[in-house]
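User: Hey, I've got a structure here and I'm a bit lost. Can you walk me through it?

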Amino acid sequence: MSTAAPPRSPADPSADSSARPAVDWRIRFGVLSVIWGFSFLFIKLGTDGFAPMYVSFGRMFFGAVVLLVTLLATRQRLPRRGRTWAHLAVAAFLCNALPFTLFAYAELTISTTLAGICNATTPLWGMLLSLVALSEDRPTRRRFAGLGLGFIGVLVVLGAWQGFSGQDAEGTLLALIASLSYAVGWIYVRRTLSDTGDSHLAKSGSQLLLGAAQLAVVAPLVSPLPSSFPVVPLLAVFALGALGTGLAFLLQYALVAEVGPTTATMTTYFIPVVATTAGVSLLGEDLTWNTPVGALIVLAGAALTQSRRGGAGASRTAARSEDDQAAAPEPAVAPAAEAARP
């Protein structure tokens, strides 16, 4: 699930961090990790009452409402250029409509724990794609090692030595493709939307709005309209959108402005822990030894893929990373640079 780590630009009126928030950033960091970790539980509950595409539609609709209301309250404008809207439409598909829907379909047959761990592979996909897509960010040997380690971790999670017994191959594949879509979306966003002159809040709210419109058209063609609105699934979808997408973006934005993107995107490593805890304690999901062990290996690999070159190269890359991050979730509309979101 995905929200972007926003750029800190003087042109962005919401980027002013002169006033310190009343709540310490560490507390907000923890709240954000919990919200995103619980997103996988909300997806599971939502699909108990609604078809996956409607879960994703509701998520984007309620998330867009939160961001657009905030946009109005801060007196910011939506993007005006048609070219920006065209790029946002593509970003909405890659970073929202497609991965949100794939995760919803995946959780029909896999656990929230496995979905959360698959989500954590986004940095691994991002590094793999950087081989061909981001020539200025070529992987080092350490980052190659992280990619290999992450792949081993996925095999451990799935219990490869047992022939992947007990895991639904199709659902797992859908979740992994969703994570790949986040990585592709981040690269697209970085190349097309990092310097449009619009505020990050405006771009992200517009992106969610476009994603909701895309599913509003497609969902009725795939699944019949809901005939009833059961309370628990409806509340789950509302929480998924308003909290896991809308509020989570605002928290992430404030964290990036205060402590920088590197620290803010460390939530990536807490999301699977929260998702696993929620799935086991609240949904009674089974947990075998290889799941947490494999998850730790995946996260270690993901951490290695974030390693930068030393010296001046590192400074240039870090500066570019801060400047280029632009509108996700999971998440948090587009994925933060090289970080996964639910």
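This is a predicted model: local features need pLDDT of at least 70, side-chain atom pairs count only at pLDDT 80 or more; totals for chains, interfaces and linings use all residues.

User: OK, back to L147. Where is it, and what does it touch?

Analyst: L147 sits in helix α6 (residues 141-158). Helices here are DSSP runs of H or I with at least four residues, numbered from the N terminus. Not counting residues up to four places away in sequence, L147 touches L124, M127, L128 and T305. Contact means heavy atoms within 4.5 Å.

User: How far is L147 from A303?

Analyst: Their C-alpha atoms are separated by 9.6 Å, while L147 and A303 are 156 residues apart along the chain.

User: Switching topic: why is helix α4 called largely enclosed?

Analyst: Because 8 of the 8 residues of α4 (residues 112-119) are buried, the rest of the structure largely encloses this helix. Among the buried residues are T112, L114, G116 and N119.

User: And how many salt bridges are there?

Analyst: A search of the whole structure finds 2. A salt bridge is a side-chain nitrogen of Lys or Arg within 4 Å of a carboxyl oxygen of Asp or Glu. In one, E258 pairs with R28, with the closest N and O atoms 2.5 Å apart. This pair links distant parts of the chain, since E258 is in helix α9 (residues 231-259) and R28 is in helix α1 (residues 25-46), 230 residues apart.

User: Are those two buried or exposed?

Analyst: R28 counts as buried at 9% relative accessibility, whereas E258 is partly exposed, with a relative accessible area of 21%.

User: What about the bridge with D24?

Analyst: The side chain of D24 meets that of R26 at 3.1 Å, N to O. D24 is partly exposed, at a relative accessible area of 34%, and R26 counts as exposed at 53%.

User: Last one: what comes after helix α2?

Analyst: That's R75, whose phi is positive, near 60°. Helix α2 itself covers residues 52-73, which is 22 residues.

Note on methods. Residues are numbered from 1 along each chain as its sequence is written. Side-chain values use heavy atoms; hydrogens and water are left out. Helices (H or I, at least four residues) and strands (E, at least two) are DSSP runs, numbered from the N terminus. The expected span of a helix is 1.5 Å times one less than its number of residues. Buried means under 20% relative accessible area, exposed over 50%, partly exposed in between (1.4 Å probe, protein chains only).
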